[in-house]
Amino acid sequence: MQEINYKKGLSALLLCFLIWGFQPLYWYICGEWDTFFMLACRIVWAAICCLCILWAQGKLPQLWAVFRDRRALKREIPASLFLLADWGVYLWAVQNGRVLECSLGYYIQPIVVFIFGAVIFREKVSWRHLVILAVVVVGIVLSTGGFGGVPYVTIALAVCFAIYAAIKKSLSIDSVVSTTAEILIMVPAALLFILFFRMGDTGLASITPLRQLMLLGAGVVTAMPMVLYSVGVKYLPLMTAGFCQYLSPTLAIVCGMVMGEFLTAEKLKSFYFIWAGVILYCLNTLYEERKKRQPTAQKDKENA
């Protein structure tokens, strides 16, 4: 049975989502670097940080076991590709002033994950879910006006993460071990890209000691939230963890405004529908959780 400890769980989870929420500011501070070079460096340093964390936790044997398990690798490799796509789109969007689109994408991610769960894992869908989906779709349609066209960043981030989450759901591996394996799968391609395409002024030749520290920090801000998230979900009910995740896209809105983006009236229209969909989704989750508990409570009353 899951050990519930709100003090430990909430502390870890809130710190995790604070880091994720303010990440756009970190990439903004890093300066105008080539997106693909920054992505490659992030992969390398994140892999090093994750390996250090697993070494400290004594979980390196679990990591090597993943690479010896063909069945696990059949899931980890595609998971790695979709994680890479998510990181790439996100970095590009931040560098091109489209943080609000990222925020919109992260708001609807849980709902898209649910849709994938219904389609792939045949999870039960009620009329309430269809209403929530309709509200979110209206929000996405309205965002085409606010963001000057189809919000490709929003859709790409939501879909990439939904597929990634669907793959991860079929794995029974420790979350930090699993994600470390996925990052390590990316490392050879990242190193080859740097060596063959980014040795000049758009890559390694442009690195100063300060920039090297920033790249090292990129590994830390990538790896640390993973560990904090794994601690948080260990000590909290999944429903509580699910509600906490909306902190990140909310903070991203603040980051976007700091970086020069504004919530115009047109953009707000789409956000209103997305926020309405998120609130309905949370309320429905509470309702379904309470409904599940009723038979158990009734049985306990009868047995008393």
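**Close-up 1. Helices α4 and α7 pack at an angle of about 155 degrees.** In this predicted model, helix α4 covers residues 70–95 and helix α7 covers residues 152–169, and their axes lie 9 Å apart. With that angle, α4 is roughly antiparallel to α7, since angles over 145 degrees count this way. The crossing of the two helices is left-handed.

**Close-up 2. Here are the residues where α4 meets α7.** From α4, look for Arg 75, Pro 78, Ala 79, Phe 82, Leu 83, Ala 85, Asp 86, Val 89, Tyr 90, Trp 92 and Ala 93. Their partners on α7 are Val 153, Ala 156, Leu 157, Cys 160, Phe 161, Ile 163, Tyr 164 and Ile 167. Sorted by class, this contact has 17 nonpolar residues and two charged ones, with no polar residues.

**Close-up 3. Lys 59 sits in the loop between α2 and α3.** The helices on either side of this loop are α2 (35–57) and α3 (60–68). Follow the side chain of Lys 59 and you will find a polar contact, at 3.0 Å, with the side chain of Asp 174. Setting aside neighbours within four places in sequence, Lys 59 is in contact with Leu 54, Asp 174 and Val 177.

**Close-up 4. Phe 17 and Tyr 229 form an edge-to-face aromatic pair.** The whole structure contains 13 aromatic pairs. In the pair of Phe 17 and Tyr 229, the ring centres are 6.2 Å apart and the planes stand at 80 degrees, so the pair is edge-to-face. This pair links distant parts of the chain: Phe 17 belongs to helix α1 (residues 6–29) and Tyr 229 to helix α9 (residues 209–235), 212 residues apart.

Key
Residues are numbered from 1 along each chain as its sequence is written. This is a predicted model: local features need pLDDT of at least 70, side-chain atom pairs count only at pLDDT 80 or more; totals for chains, interfaces and linings use all residues. Side-chain values use heavy atoms; hydrogens and water are left out. Axes are lines fitted to C-alpha atoms, for helices over the stretch in contact, and angles run from 0 to 180 degrees between N-to-C directions. Helices (H or I, at least four residues) and strands (E, at least two) are DSSP runs, numbered from the N terminus. Angles under 35 degrees count as roughly parallel, over 145 as roughly antiparallel, 65 to 115 as roughly perpendicular and the rest as oblique. A crossing is left-handed if the near helix is turned anticlockwise from the far one by less than a right angle, and right-handed if clockwise. Contact means heavy atoms within 4.5 Å. Ala, Val, Leu, Ile, Met, Phe, Trp, Tyr, Cys and Pro count as nonpolar, Asp, Glu, Lys and Arg as charged, and the others, Gly among them, as polar. A polar contact is a pair of N or O atoms within 3.5 Å; within protein, one must be able to donate a hydrogen and the other to accept it, and residues adjacent in sequence count only if both atoms are side-chain atoms. Rings of Phe, Tyr and Trp (its six-membered ring) pair if their centres lie within 6.5 Å; planes under 30 degrees apart count as stacked, over 60 as edge-to-face and the rest as tilted.
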